Amino acid sequence: MEPSKFHTPSTDLLKKRMSDLPDNLLKECPVCHKVFFSNKMGDLHTCPNCGYGFRITAKRRASITFDKFEEIDAEITIPDRYQDIKYRQKIAKAEKITGIKESVLTGPATIDDVDFAAGIMDPYFIMGSLGTSTGEKISRLFKRATKESLPVVMFTASGGARMQEGIHSLMQMAKVSSAVSEHANAGLLYIVVLCDPTTGGVTASFAMDGDIILAEPHALVGFAGRRVIEQTINQKPPVDFQRAETVLEHGFIDSIVARADMKKTLYRLLKLHQ
Amino acid sequence: MVKNTAYEKVKAARDQGKILTTDLVHQLVDGFFELHGDRLDADDHAVIAGIGYLKNQPVTVVGISKGNDTESNIDRHFGSATPFGYRKALRVMHQAEKFNRPVLAIINTPGAFPDVESEYHGQGSAVAQSILEGLQLKVPYISIIIGEGGSGGALALASGDEVYMFEDSIYSVLSPEGYASIMWKDSKKVPQAAEELGLTPQSLLKEEIIDGILPEVKDESDVANLREFLSSRFSELKKITVTDLLAKRQLRYEKF
């Protein structure tokens with residue numbers, strides 16, 4: 001056999017070359033599966049091909065969406081009565097990544113000349129799950145907004161109830177709903193922005209209570225998880241059954257707004273209700 | 001039998017011999033007249049709704065019911081309501097408000113029905129609306145969990161003035177099976193999961209999630225006792241003005 005004109009690099013060499021590549025140089029969009037250089041995502045962290053908004057921390061979202069934002073209730077964290085070591089480790093890790101002490105960031109915000117109360121759930125804080133203090137912070141935000149006659153803009157991103165906190169997590173759905181209804185009864189505007197992913201108990205409460213419900217492109221929005229459906233009733237859901245676009249088609253979302261247009265869209269809607 | 005462990009409670013709550021919501025409604029309420037459909041899409045058989053008398057007092061009743069054989073269980077999705085069911089319940093609850101009738105909710109559900117169709121019809125939205133509007137219902141609103149109180153699917157009909165549980169019942173954020181699978185990926189740990197979830201009526205009473213534990217209903221005298229109890233609770237709640245009732249209800253949930 002003639003020696004090959006081409007040399008195939010050895011596995012070891014390939015491994016070395018791969019390890020020489022900087023981490024996160026390339027990014028794959030989980031929705032359209034296009035692979036692209038990370039820097040193409042830009043400051044907004046969106047897919048250059050399909051417009052999907054990658055999951056971002058609450059602090060990052062505040063900085064790209066608002067002109068001014070002031071965090072409140074920053075010290076509210078998981079109640080002391082939860083002492084499970086694994087849970088405590090999870091919390092510590094989440095705090096480090098997100099820079100916040102519960103899965104939601106709240107406070108007064110401004111876009112141009114419009115003031116409002118803002119809440120942003122953080123998908124990097126134990127999957128944005130709804131803990132007792134998450135509910136407390138959101139509930140306080142609504143109460144403050146009611147008192148100050150301000151609209152509320154809530155960015156949701158959550159895996160649902162936080163099972164480590166058991167029934168108290170479930171009760172947050174009712175607690176927050178109570179604060180939402182007080183705000184609504186005062187004739188104040190509530191805008192929801194459904195971000196990837198919004199599921200479970202959050203979808204089944206304040207995420208669906210908005211006067212206006214927006215969503216980011218291709219965000220996963222649903223109640224029951226895919227695996228739960230598959231395992232409980234042995235049904236295979238279509239790939240896009242809980243995509244924001246599908247949910248819009250079924251009549252539960254007012255509009256899908258690209259991340260790049262979010263700021264001006266919120267401004268326009270808030271202005272119209274002033 | 002004394003049910004000592006949480007897991008024994010789980011098994012007792014799911015016992016086939018437990019009275020069905022539908023049967024309990026018919027026994028408890030005189031001249032029960034069932035109202036069907038959500039006036040939008042469909043009639044969900046997992047949810048029973050209707051009107052009748054509770055000791056001469058007109059009431060509106062809503063409930064989530066399992067079946068007692070394969071056929072009825074399939075018809076009722078094993079006690080899991082679809083959005084059509086929640087919207088039916090909400091429709092008759094609003095009707096109760098119009099006619100100033102108290103609302104009684106009787107719950108036995110493993111959770112809201114997880115299927116693609118329910119997702120397409122806004123399961124999350126239906127549950128959210130039930131909670132939000134239940135909190136603001138301008139008539140006395142009492143709920144009883146008689147077997148399983150599965151997560152948001154149960155909370156949807158338990159956001160009123162008082163929530164009670166039967167002796168052999170459970171109420172939790174997710175099933176012990178789900179908890180064991182997510183926390184430890186180990187189905188053998190279901191008993192431990194039941195323990196950690198604190199889903200027994202006793203634990204929940206201690207946490208003030210519920211207002212009381214009621215004895216199981218096995219015969220006619222149990223039904224009569226339950227009727228007596230509910231009627232006295234409704235009479236008490238009726239003495240409160242609507243403004244105070246709603247303020248009190250709000251406080252009930254805000255304390256969590």
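Trainee: How many helices and strands does chain A have?

Mentor: Chain A has nine helices and nine strands. Helices are DSSP runs of H or I with at least four residues, strands are E runs with at least two, and both are numbered from the N terminus. Mind that this is a predicted model, where local features need pLDDT of at least 70, side-chain atom pairs count only at pLDDT 80 or more, and totals for chains, interfaces and linings use all residues. Residues are numbered from 1 along each chain as its sequence is written, while chains are lettered from A and ligands numbered from 1 in the order in which they are written.

Trainee: What makes β6 and β7 of chain A partners?

Mentor: Two strands pair if DSSP finds at least two bridges between them. Six bridges join β6 (residues 152-158) to β7 (residues 190-198) in chain A, so by that rule they pair. They run parallel, and A:Thr156 has A:Leu194 in β7(A) as its bridge partner.

Trainee: Which strands make up the open sheet?

Mentor: Seven of them, in the order β3-β4-β5-β6-β7-β8-β9 (chain A), with mixed pairing.

Trainee: Why are β3 and β9 of chain A said to stand at the edges?

Mentor: β3 (68-69) and β9 (255-256) of chain A have a single partner strand each, so one side of each lacks a neighbour in the sheet.

Trainee: How many residues of chain A are in contact with chain B?

Mentor: 36 residues of chain A are in contact with 35 of chain B, where contact requires C-beta atoms, placed from the backbone, to lie within 7 Å. On chain A's side, α5(A) gives the largest share, 14 residues.

Key: Contact = placed C-beta atoms within 7 Å.
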